[in-house]
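This briefing concerns the packing and the side-chain pairings of one protein chain. Please keep the sequence and the model in view while reading.

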Amino acid sequence: GGICLSGSVFDQIEGKIPLNYEYLGEQTVKNIKNPVRVYRINMKSEKKFTFERELKLPDKPSIAVLPFENMSGDPTKEYFSDGLTEEIITGLSKIPKLFVIARNSTFTYKGKPVKVQQVSRELGVKYVLEGSVRSAGERVRITAQLIDGMTGQHLWAEHYDRQMKDIFAIQDDITMKIVVALQVKLTKGEQARLMSKGIDNLDAYIKFLMAEEYVYKLSKDGLILARQKYEEAIDLEPEYARAYGGLAATYIVPLWFGWEDSPEHAIEKANEYTQRFLALDDTNAYAHSYLGALHLIQQRWDKAIAAGKRAVTFSPNSADMLAAFAVTLKRVGR
């Protein structure tokens, strides 16, 4: 009818847990040769206590997505809000440099009135995303807000109105927009908007992001893997301009570092994908920068400078464009 502690356990927790104890003296315990000191916990104690475990924050941005609240008044619509939450978690978990708490952990908070700071402490994350779903007839409104779990400050909020024609299409659409918005806030800044320009396919965008991480490794093996992911992204979204640019980069980088066994083939492929990039988005600074790199590799100095200037014109505050143009100028002796 209660809980008793051995003396050895009592010695470890005394003064650390706010409970009342009653000493029962030494007692004979089954399967233990010598009598042990025993303390009974007073279960009628009016002291209230909670255990708070504060987990160390990961090195990279960390986020928990709380179950989106179904505010339609119809319990049968719960599947949509839960499904949207799961899609967002899945989408975010595929983004490099982002630590995302699993569904099983965040769904323990479903239907419970919890504070964001509590979630942040218990799950060891800096950011918390929460939202709601309302429906009226054939229309649905989805709201989402990003909160700093340390301070409780709202960092970003948005709402989306859609027709309830294709549930899965809505989930993908909203997930894509939230993924990009959170990237802008948490990882890549405004670069995320440029990378997602002209793309509505979430799976293709995720493939692109995975490819980018492989490119940043600047290794032969990384570039091979990146090339594969860019191609998968293009298979899903044939008009994805930045993916063609990425493909071009996987041929330009080996040329630049002297890793390419067949330079002529690499130049041909790099030029093919760069031209495709330009055809789809001729105002993209990266497209002109890649073209400039190709001209530079082939010692077409005037064309390299002209392409570099165009890249800087289209993105005058881009560190990447300025650095690439600086390299070009240095290479031609300016």
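Is Glu 86 buried, exposed or partly exposed? Glu 86 is partly exposed, with a relative accessible area of 32%; buried means under 20% relative accessible area, exposed over 50%, and partly exposed in between, with a 1.4 Å probe and protein chains only. This is a predicted model, in which local features need pLDDT of at least 70 and side-chain atom pairs count only at pLDDT 80 or more, while totals for chains, interfaces and linings use all residues. Residues are numbered from 1 along each chain as its sequence is written, and side-chain values use heavy atoms, with hydrogens and water left out.

- Thr 85 is found in helix α2, residues 78–93; helices are DSSP runs of H or I with at least four residues, strands are runs of E with at least two, and both are numbered from the N terminus.
- Thr 85 is buried, at a relative accessible area of 0%. Leaving aside residues up to four places away in sequence, Thr 85 touches Val 65, Leu 66, Pro 67, Phe 68 and Phe 107, where contact means heavy atoms within 4.5 Å.
- Helix α9 (residues 241–257) has 17 residues and reaches 25 Å from its first C-alpha to its last, close to the 24 Å expected at 1.5 Å a residue. The expected span is 1.5 Å times one less than the number of residues.
- Of the 17 residues of α9, 15 are buried. Gly 258, with a positive phi near 75°, follows α9.

**Aromatic pairs**

- There are ten aromatic pairs, counting rings of Phe, Tyr and Trp (its six-membered ring) with centres within 6.5 Å; planes under 30 degrees apart are stacked, over 60 edge-to-face and the rest tilted.
- The rings of Phe 10 and Tyr 39 are stacked, because their centres are 3.8 Å apart and their planes stand at 10°. Phe 10 lies in helix α1 (residues 7–13) and Tyr 39 in strand β3 (residues 36–41), so the pair ties together parts 29 residues apart in sequence.
- The rings of Tyr 286 and Tyr 290 have centres 6.1 Å apart and planes at 55°, so this pair is tilted. Both residues belong to helix α11 (residues 285–297), where being four residues apart separates them by about one helical turn.
- Phe 10, Tyr 21, Tyr 23 and Tyr 39 form one aromatic cluster.

**Charged side chains**

- The whole structure holds eleven salt bridges, each a side-chain nitrogen of Lys or Arg within 4 Å of a carboxyl oxygen of Asp or Glu.
- Glu 86 forms a salt bridge with Arg 103, with the closest N and O atoms 2.7 Å apart. Glu 86 lies in helix α2 and Arg 103 in helix α3, so the pair ties together parts 17 residues apart in sequence.
- Arg 103 also lies over the face of Phe 107, at 3.9 Å from the ring centre; the criterion is NZ of Lys or CZ of Arg within 6 Å of the ring centre and within 35 degrees of the ring normal.
- Lys 110 forms a salt bridge with Glu 78, with the closest N and O atoms 3.3 Å apart.
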